[in-house]
Amino acid sequence: MLEIEIDGKPVQAPDGSTVMDAATLAGVYIPHFCYHKKLSIAASCRMCLVQVEKAPKPLPACATPVTNGMKVWTHSEAAVKAQKGVMEFLLINHPLDCPVCDQGGECQLQDLAVGYGGIHSRYQEEKRVWVNKNYGPLISSDASRCINCTRCARFTAEIGGMMELGQAFRGDHAEIMSFAGRAIDSELSGNIIDLCPVGALTSKPFRFSARSWELSRRRSVSPHDSLGANLIVQTKHDVVKRVLPFNNDRLNECWLTDKDRFSYEALTSEQRLTQPMAREEGEWRPVSWQIALDFITCALGAAARDRGGETIGALASPHATVEELHLLQKLMRGLGSENVDFRLRQHDFRGDAVRAGAPWLGMNVVDIHDLDGLLVIGSFLRKDAPLLAQKVRHSALRHGLQVCAVGPNGEDWLMPIAARALVAPADMVATLAAVAVALAEETGKPVTSALAERLPAVISAEARAIALSLTGEKTAVWLGNLAVQHPRAAELHLWAQEIARLAGAALGFVGEAANSTGGYLASATPGANGLDARAMIESPRRVYLLWGAEPDLDFADGAAAMAAFGGAQLVVAASAFDSPALREVADVLLPIAPFTETSGTFVNCIGDAQSFSAVTPPLGETRPGWKVLRVLGNLLDLTGFNQNDSEAVRNEALSGDFRTRLDNAIGDVPAAQIPETLAQPQAGRLQRVADVPIHFADPLVRRAPSLQKTADAALPTARMAAATLAALGVKAGDTVRVTGSGAVELPVVADEGVAPGCVRIAAAHASTVALGPMHGELSVERI
Amino acid sequence: MLSQESLQQIDREIAKYPPGRKQSAIMSALRIAQVEKGWLPKEVIEFVAAYLGMPPMAAYEVASFYNMYDLEPVGRHKITVCTNLPCALSGGVYVADYLKQKLGIGFNETTPDGKFTLKEGECMGACGDAPVLLHNNHRMCSFMTTERIDQLLAELEKQ
Amino acid sequence: MSAHALILAGLDGDRTWRLQDYVARGGYEALRRVIAEKTPPEAVIAELKNSGLRGRGGAGFPTGLKWSFMPRAFPGDKYLVCNSDEGEPGTFKDRDILRYNPHAVIEGMILGAWAMGCTRGYNYIHGEIFEVYQRFEEALAEARAAGLLGQNILGSDFSFELFAHHGYGAYVCGEETALLESLEGKKGQPRFKPPFPAAYGLYGKPTTINNTETFASAPFILRLGGQAFLELGKPNNGGSKIFSVSGHVSRPGNYELRLGTPFAELLEMAGGVRAGRKLKAVIPGGSSSPVLPADLIMDCTLDFDAISKAGSMLGSGAVIVMDETTCMVNALERLSYFYHEESCGQCTPCREGTGWLYRVVHRIEHGLGQPGDLDLLRSVAGNISGRTVCALGDAAAGPVQSFIKHFGDEFAYHIEHKKCLVSPMVQEAGRQIHVSRPC
């Protein structure tokens, strides 16, 4: 610790601190623009100049290291003179357009100008004008307001991982821009809006819709990916106008993904379901809640009574709250059915019989910082969990974390990859086994005897490189969404566990959705004799309860799901949104609240149960889902549905020390008969690799118009490596007919990030539903 | 995008720097590309950036920061006149005026036949030879009196 | 070329720059001896310290001391960089050194590498003197072919690789940390110091950067001995120094003199003020150094201390001479334009302030000055000075402050009368001399 004095106050600061750090510790505010705690130090705006004893010139607090006995004055005459001088320079070319600037009221320049600016300008020359840029559908540019703090440019390079913005030219011609006027495509792009201390970068969707002081602010939790980023949701007249990050150093820090930030636009979508609907003689009609619930009560009661509870199946979205999932499974069990599941895109459920607890990341997000090695198995990490990926990127770039990957996809994660085994889905189990063998050789520990018979004969160079990367002190092995959705997911899990054991690594799951861990804790999984999500589709039920899921887009095989629901006697769908697919298969539609209109809880990938309250009243006749289920329970005369509030539901669901139920251990899973779908394909047949693109992943984001205009929401294509293309005799730009359980036509894109013999085609999009399962063989032919 | 010869030259430049430091060759690589193409269209900058494994924006920052790179097309002969103080004291501004009059163009303009572009330059580090000008970035012309300007233009006209 | 010349001695224009010529002048003797005798690095540095050599790039920092800052025990690469990015108006000595005596720089760098344990070096050469860059590449090839550079120099176990790197039009790269950024393939925006290059330099490794003339002096110091070099100049100002004389003199050019030589002698060597006109002002150390009126400079000797005492800086030794036909407002406008154009744009006071200074000076020069403009200029210059990342801010403010200080009456006249105090006829007479001057 260093002892220093700031404005006469003694302050203790850790070694390596800057004056700015020490001042923050002491609660002393030093004005600044370019400095940001999460970005590299530029020391260029010069607003934080302070007076330091014995220094002949004022020094920038952000970049000046603290030395023992240093005396600093942040508001002395000399310091303030320097700060005022800088403020004047910043203002000479800044437009005086605060009344029409979206940043007004939350502008650091405006705020500081009150304290440090002059009353009138001494600058009589013409002000500089820059042409506004088009950065795409999310970020609005008012270039002339830019003060060249370069926070945005540093963000894109250091946090986003790709230098999409830079400061071109020099002197007072220096100007922030993208290369060749391109849009900013990063999935983290919206953060530069928060970083911009002035109104040069503002939110395009939010633009001109409210003043910051008109907005009410409420905390919430992102309903999208498994991280559960903390949000500030801002409303005006009970309408969500904007979503900003709430700083949480355990999770998202001060960042948000664009999905977290801009999906709120869907809350006012025309596709919102705002009234219960029922199909009568083929016609959809609005009905009252009472009628709808009475009808459902009768139908469910009758089905359970007459045909047995096992004829009913409940399928819920992993984006549903703990409260909803808990009451849903309770309802089903009350009706005598064990058929309940939320793992809608999963295929292999063999692990259910042998898993020790609820899957989770197996470590804290903050501990990624200290990792030496990380193996990511079957993951589209950058788009599936952008802020986890960002942590990994940061650690890889700054602390030498060795990142390795096994899977059929090799898209750019914007970080150094120490080793990658780009292998077809069918080869993933063998690849992991090879890594385990190489690791056993490396560490001198034997492979577990139960697995000893399944060891591969050949160990690839990639497997050895991966094993080597895992010999560091702190390591982790993560299973991504593709691994969980894989037809041999249980075996991948088993081998990952073996690799983790040999490496002394933490074993974890990235998690697909906001409640991928919470769903397990809420017991929204089938009990003994119950059917899992796949079985409920493959052995169709008479009655389905669909909870927050879209039948065509949220299932491992949307075509099969549509067929199963279409053949059912009764489908009750609770959803925040209407959709043609729902109308096609459902009989009753119940409008349930999206996350902003209900209280609820998500348990994220690190096992944090994060509860939130409604930030606006429900739209129209919409009702919070947990209330609907509670009423249904009462109407069905089931016991245990008397909770007064969502907290009571939550306490019931997550009773005791629920964290002890987080456990990634898995018992032995016999080697599968290689499923037919994963046999080495014949000529002209390729293995499907299906990603769930970030902006197709859930019902909310699918309806967020601005996000749907981004590059991440581009229409699905058939992506193949050059060698695969050559073997097929097709080339990039061709259109191909791809046939699975049905056929679709797609444009071809050449992509060396796809394993040979595979074709990558996005799931969760209407244009590819007909293909059927997310894995397995497809035929591809030129048309 | 670039000729084999240019790529070989760039490779020679890359070899000057330690492994993993290819980006250091960006200044030479852009210079080599500019010599081949006459100026630096964005596609060329992007190609060079990819060749050196750096983001295109980082290459563009470099191309726009150093003022001998031309981000717009220039004439076959780019004449950059120093008008800084030591040259100005020795007639640099007159050299510029004389050239403007002879070529019928101002600074940052190109003659209609595409032969000449006139630029105002900054100190070229040859003040003892003032007034000086640069022809196509790489040839220093010293002691530019009106006669010598006439000679130079006559010579360039023929090329 | 000059009295007491070392670096520029024995040269004959473009004809004597090759290795054989340099060897004939005693070149590489110092290197051969150091390698043959395995002179300890400490001894080389001690000799540099004894010589009183101060950096020739402008700051005048003692070279031996700088060399001693390099962490001796650092494992891995250490770099040596020569700053030949000479673009300070008035300065053109490095161009002549590289043109006529490139091997002196190469030998100096090899000696530096020996003394500091550097494995690799770069000479960063101003882009505008591209022909000189090409010649330096040729000289490097000669040295490599002769076993003077590269692996196992002169058969010893000492290795040093040296390469040429060129700028492409950015004055600010003459600032050492901007130069390092540029060498790394980035914009030349200076780094905040500390850390200094000796701790965190090129690619984050310990690095020493010296000016061309500094390196070129090293072989002579080791050949003659530090004491002899010191005695060429005066205490604390060792050796000879090249002065670049430009502007209104009859024979502009480089003159290598003992430090401490009276200014009047230099002026005489340069042929005196052209056409017998009266001396008005001199910028003694490159455009960033404060201007001195004739009476002040004529009393000065040319060394770091004397010029500093007179209120300016010896800087790079670039002497810009202005005679009575010069309008000082016009002269300042040229300089202010330069700093405005050359600001890197990184830090606020310089980015915004240099443009402001230029626009106001330009306004005054063009008859649009207003009462209060001089106070405004002084105030703006004061707000830039000492508040920027690098010295370019000070360099831009300095001329404004010193021109107004010494020639305030001309500025005031301009503002009040919307025209020059120096009559148009006199200025025109001044111009005629140069346009028709034979070369």
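The legends below describe close-up views of a predicted model.

Local features are given only at pLDDT of at least 70 and side-chain atom pairs only at pLDDT 80 or more, while totals for chains, interfaces and linings use all residues. Residues are numbered from 1 along each chain as its sequence is written, chains are lettered from A and ligands numbered from 1 in the order in which they are written, and side-chain values use heavy atoms, with hydrogens and water left out.

**View 1. Elements of chain B.** Chain B has seven helices and five strands (DSSP runs numbered from the N terminus: helices are H or I of at least four residues, strands are E of at least two). From the N terminus on, their order is α-α-α-α-β-α-α-β-β-β-β-α. The C-alpha trace of chain B spans about 50 × 35 × 25 Å along its principal axes.

**View 2. The interface of chain B with chain C.** Here 49 residues of chain B are in contact with 64 residues of chain C (contact means heavy atoms within 4.5 Å). The two chains bury about 4,600 Å² between them, 57% of it given by carbon and sulfur atoms; buried area is the accessible area (1.4 Å probe) that two parts lose on being put together, summed over both. B:Lys16, B:Phe65 and B:Leu89 supply 15% of the area that chain B buries against chain C, more than any other three residues. Four salt bridges are counted between chain B and chain C, a salt bridge being a side-chain nitrogen of Lys or Arg within 4 Å of a carboxyl oxygen of Asp or Glu. C:Lys187 and B:Glu61 meet in a salt bridge, at 3.4 Å from N to O.

**View 3. The interface of chain A with chain B.** Contacts link 13 residues of chain A with 14 residues of chain B. About 1,200 Å² is buried between these chains, 68% of it on carbon and sulfur atoms. Of the area that chain A buries against chain B, 56% comes from A:Met163, A:Arg170 and A:Phe179, more than from any other three residues. The count between the two chains is one salt bridge: A:Arg182 pairs with B:Glu46, and their closest N and O atoms are 2.7 Å apart.

**View 4. A salt bridge within chain A.** The side chains of A:Arg145 and A:Asp97 form a salt bridge of 2.9 Å, N to O. A:Arg145 lies in the loop between strand S6 (139-141) and H4 of chain A, and A:Asp97 in the loop between helix H2 (77-92) and helix H3 (108-116) of chain A, so the pair ties together parts that are 48 residues apart in sequence. Over all chains the count comes to 87 salt bridges.

**View 5. An open sheet in chain C.** Five strands with mixed pairing follow the order S6-S5-S11-S8-S9 (two strands pair if DSSP finds at least two bridges between them). Strand S6 (253-258) and strand S9 (292-293) are the edge strands, each pairing on one side only. Strand S8 (residues 279-283) runs antiparallel to S9(C) and is joined to S9(C) by two bridges. C:Ala281 stands opposite C:Pro293 in S9(C).
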